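This briefing is for a reader who is new to the structure shown below.

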Amino acid sequence: MEKLIINKFVSNTRFNSYDGIELYKKNLLKSKELYIPLSILEVSLRNSINTLFEKLYGAGWLVNEANFLKHKELEKIYNAKNKLKSNKEQVTKDKLVAELNFGFWTGLFQSLYQEKMRLNNLKQIFINLPSKDMLVVDRKLISSKLNHIREFRNRVFHHENILKVKYKDIEKDIFEILMFLDEKIYNFTKNLNNESIDDL
């Protein structure tokens with residue numbers, strides 16, 4: 001029965017990236033397991049960055065396209081504004097924050113933004129960074145982890161194979177970034193991820 005369903009609804013090209021139906025099912029279950037942590041990380045990160053940048057550059061830093069933003073990020077803002085307008089929505093700072101994709105927010109940690117992401121600013125985005133003697137955290141480390149998570153997140157959200165060796169520690173990375181952001185959001189995510197809808 002399962003094979004008949006797969007043959008009917010899943011393309012051969014997609015299914016061929018798995019070594020049998022058990023791995024296909026395992027992939028779906030792993031995606032399900034990490035959907036909540038990925039969602040909470042994305043929302044928490046963008047709001048934390050926005051809170052800091054509003055304080056540093058004003059509430060209109062996104063809508064007004066702050067002059068420190070580079071071409072790639074400006075293009076994403078332009079596209080997000082156009083999408084809101086095409087949906088007959090008003091372009092507000094809150095809607096723009098929500099519309100911009102995860103790649104926009106992780107892109108703010110690349111080396112082009114080194115001056116904006118010095119340690120003092122990182123400590124305001126990630127209020128629970130470990131002490132230096134435990135782990136040295138800088139923009140480069142954050143960027144590397146976020147890019148890895150972003151790549152994994154895109155595969156989950158596009159229903160692709162995530163059972164690859166390069167993602168074997170991804171859950172650790174996701175929860176580490178959540179802990180950096182705030183211990184409370186880390187605990188909330190851990191607890192929620194272990195609940196079912198019947199527990200609510």
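Tyrosine 35 has a relative accessible area of 45%, which makes this residue partly exposed. The model is a predicted one. Phenylalanine 157 is also partly exposed, at 26% relative accessibility. A search of the whole structure finds 12 aromatic pairs, and the rings of tyrosine 35 and phenylalanine 157 form a stacked pair.

**Aromatic pairs and cluster**

- The ring centres of tyrosine 35 and phenylalanine 157 are 5.3 Å apart and the planes are at 25 degrees, so the pair counts as stacked.
- Tyrosine 57 and phenylalanine 68 make a tilted aromatic pair, with 4.6 Å from centre to centre and 45 degrees between the planes.
- Because tyrosine 57 is in helix α3 and phenylalanine 68 is in the loop between α3 and α4, this pair ties together parts 11 residues apart in sequence.
- Tyrosine 57 is partly exposed, at a relative accessible area of 31%, whereas phenylalanine 68 is buried, at 8% relative accessibility.
- Both residues belong to one aromatic cluster, formed by Phe53, Tyr57, Trp61, Phe68, Phe104, Trp105 and Tyr113.

**Nonpolar core**

- The largest nonpolar core has 46 residues, and those that touch the most other members are Leu45, Trp61, Trp105, Leu108, Phe109 and Phe126.
- Two or more residues of this core come from each of α3, α4 (71–86), α5 (93–99), α6 (102–107), α7, α8 and α9.
- Helix α3 gives the most, with 8 residues.
- Leaving aside residues up to four places away in sequence, tryptophan 105 touches Leu45, Arg46, Ile49, Asn50, Trp61, Leu62, Val97 and Leu100.

**Helix α9**

- In α9, 9 of the 12 residues are buried, so the helix is largely enclosed by the rest of the structure.
- The buried residues of α9 are Ile170, Asp173, Ile174, Phe175, Glu176, Ile177, Leu178, Phe180 and Leu181.
- These buried residues pack against α3 (21–57), α7 (119–125), α8 (139–157) and α10 (183–193).
- Phenylalanine 175, one of the buried residues of α9, has lysine 190 over the face of its ring, at 4.3 Å from the ring centre.

Notes
Residues are numbered from 1 along each chain as its sequence is written. This is a predicted model: local features need pLDDT of at least 70, side-chain atom pairs count only at pLDDT 80 or more; totals for chains, interfaces and linings use all residues. Side-chain values use heavy atoms; hydrogens and water are left out. Buried means under 20% relative accessible area, exposed over 50%, partly exposed in between (1.4 Å probe, protein chains only). Helices (H or I, at least four residues) and strands (E, at least two) are DSSP runs, numbered from the N terminus. Contact means heavy atoms within 4.5 Å. A nonpolar core is a set of buried Ala, Val, Leu, Ile, Met, Phe, Trp, Tyr and Cys residues joined through side-chain atoms within 4.5 Å. Rings of Phe, Tyr and Trp (its six-membered ring) pair if their centres lie within 6.5 Å; planes under 30 degrees apart count as stacked, over 60 as edge-to-face and the rest as tilted. A charge sits over a ring if NZ of Lys or CZ of Arg is within 6 Å of the ring centre and within 35 degrees of the ring normal.
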